[in-house]
Amino acid sequence: MYSINKSGLHGSHPALNFAEIQQAISNRKSQIEAFSELYFNRQILLSDADAYRTDQIEVPDTAKSGYSVKKTILSLASPNSILDNAGEFSYSPDLAQPRSIMNSGLFSIDGSVMLDSKAFASSSPPFFCRSRRATEFRDKIHLRGARYTISANPTYELRQKLATYREDYEEGLLALEGKLDYVYRLGIADYVKNSVLTMLNSFLYEEKIGHYYLERPAYQSLRRESQILAQASVELFYGTMGRIKTMTERSHKYLIEHSETFRKLQAHILQEYKNGVFSSRHMTRPEASHPLVNAGAALGSAWFNKPPQLIVGLPAGSTELSLLQSTAYQLVQRANIQVLLVPVSLHSIKHDFDGKNFTSANSIQRFLRTGKVNLKGKRVLIVDDNSSTGRTIQLVADSLRAVGARPMKHPAIAEADVIRSKLDRNSSTRTKIADRSCYNFAVSVLPVSKRIYPKADLRQLSESRKMVKCINERYLNPSANLQRKIVGRVYIDLINNPTEKFIEGLAPNEQIDSFRKTFLSNFHEVPIRYLGKDYLSVEHAYQAMKFTEHGLASVTQNHLDIINKNLAPRGVAVTTEDLPNLFIDPAFNAGSSKIAANQLRILGYVRADWDDVKADIMCQLLIQKFSYSGLYKMLRDTGDKYLIEGNDWGDTYWGVCGKRGRNVLGRMLMQIRNLDRKILVSEAIVDKEELVDGSGK
């Protein structure tokens, strides 16, 4: 039993004794710190795989928990030599002081490698010179800059994210071939790991929403190859962290030799995006668990646990931890344990399986059946990053038992989410609480805010603040023009106030949730002059900017036929001669222009930098539209109502569809609504005379 109902517990029940749980975790953390320092120092002495041998050694119990520990772990021929030389090898010249591997002060709360700004200025390698890879935060340089969390950044589109991760992967592996100080080598390995894990987790997202392609050999092959690549990236980072030379060199070589797997992963995601199956929001954010927490939990479980026959990880939260757990068993007990990634969670079920008659349990069983996974009689270790209610662990354990597996008594959970449990102790909405057996191998308590942003993960808050800092520097600097500042404020609002959470609390009279056939719509006719051409609406101009003259001139007759097939119900058609003036032709209303542009996009004619410039272009067009006095007054008259571009055609960037979306158009309009019209007029591209005399007057 991993999840229990709070209503049946009395005040003195062990599951509610949060202080005792936290003390036990603190003791275990201290114990593992001592073990890991001894263990990693031993690994530093190993320069060749042949030096490995298995010994039974007695490890002193520094945590004073009342029992000693005797485990089979890797060592040299003479364990005494480890202790004799430990001091020498725990000294790190680049940090200029002795340190403990597991308690070094090297990492920030969100898991970033940190160093002094002066040291960074004098010694940083070219890898960290690229935009947003490193950032100054609270008087330290963090090697996890805003770029590291780009998958979670709602201001970027999928193609931009894919390009960023490809650069981080390829440039990181190249940089690691050179001579680097320890902190930089660790920081670069972190970027490589992050790139691979994000791609794998994103690839598996389709399975989380019930799209199983396991019967397809090509899909199975890519899934298997990608997981091996992710295993290598995990070993690259943690091998670097522990200075395990053989592991680091082996994983680095594998990642270089199998770079094609990374490219195939990205190609698959991009194709699914083009097919409409995948969206930018499916790009799964970096895993939140701290590297030291992951390392401590994996090593602790491997020391204290009998090796399982299979490790079950739950993407995206525990992909990294489950792969690291396998590595820890190999290092500590010389046991090769396979990892099965079962992509299901209560969170994905809640949002994506609604109305599809799926339940969490039968989804797991369906996944196992589809993949022809035989778990009958196997001893299985369930791995997860954290838990407060134990519900996901209980669900997975029950589902595994249903197919004949034998889940081990204690799951390997890295962090106890007891602060949330304590805050929710009397909550009527959260009825479950995790049993203490969930925390048997936890080495940390999940850092959660009790006061500001109640119950928010402090690591994620730190990541968000880095994003905001980056936006302030790029968009809200003193030299930025109005359009740039509006986009920056929209992006910060998007990070601080996710649409789904914000609109939940709005009453109907506090919002306008549809722009269709109103002046707020981009289809609304208003004279727009942009780059020397006159357009009938914002929509016409916006769609026109997606394509270059060269791109339109290269459209084939075959593709024209496809476009015209989609335009036929509207009674319009396009010829080769029409293409240069397609979006300024009065015969094409905004709807027809959008259909033609959408087909051109599907056929691959959109300019390469579109995702980089589209927000700026839209903002310029809206400034011009609402610089007209009549439209400006109508916008001001909406008061403080929240403006939502609600739609049913799947636009979750500019609007909201199915209660999901970034609502960038609505946010831009609200920013413009707060500005004086004189400012808009001075920034508008058209002449002041045209603003006064235009039909939008």
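Helices, as the term is used here, are DSSP runs of H or I with at least four residues, numbered from the N terminus. In this predicted model, helix H15 comprises residues 458-475 and contains Cys-470. With a relative accessible area of 11%, Cys-470 falls below the 20% limit and is therefore buried.

The side chain of Glu-415 forms a polar contact with the side chain of Ser-444, at 3.2 Å. Beyond neighbours within four places in sequence, the contacts of Glu-415 include Ser-289, Val-293, Asp-385, Tyr-439 and Arg-459.

Helix H22 is mostly covered, 14 of its 16 residues being buried. At 1.5 Å a residue, these 16 residues should span 22 Å, and the end C-alpha atoms of H22 are 21 Å apart, which agrees.

Helix H24 spans residues 664-673; 10 of its 10 residues are buried, so the helix is largely enclosed by the rest of the structure. Among the buried residues are Arg-667, Gln-671 and Arg-673, together with Val-664, Leu-665 and Ile-672. The surroundings of H24 are formed in part by H22 (610-625), against which its buried residues pack. They likewise pack against helices H16 (482-496), H17 (499-504), H23 (629-636) and H25 (677-683), and against strand E19 (642-643).

How values were computed. Residues numbered from 1 in each chain as written. Predicted model: local features only at pLDDT ≥ 70, side-chain atom pairs only at ≥ 80, totals over all residues. Heavy atoms only, no water. Buried < 20%, exposed > 50% of the residue type's maximum accessible area, 1.4 Å probe, protein only. Helix = DSSP H or I, 4+ residues; strand = E, 2+ residues; numbered from the N terminus. Contact = heavy atoms within 4.5 Å. Expected span 1.5 Å × (residues − 1). Polar contact = N/O pair within 3.5 Å; in protein donor to acceptor, adjacent residues only side chain to side chain.
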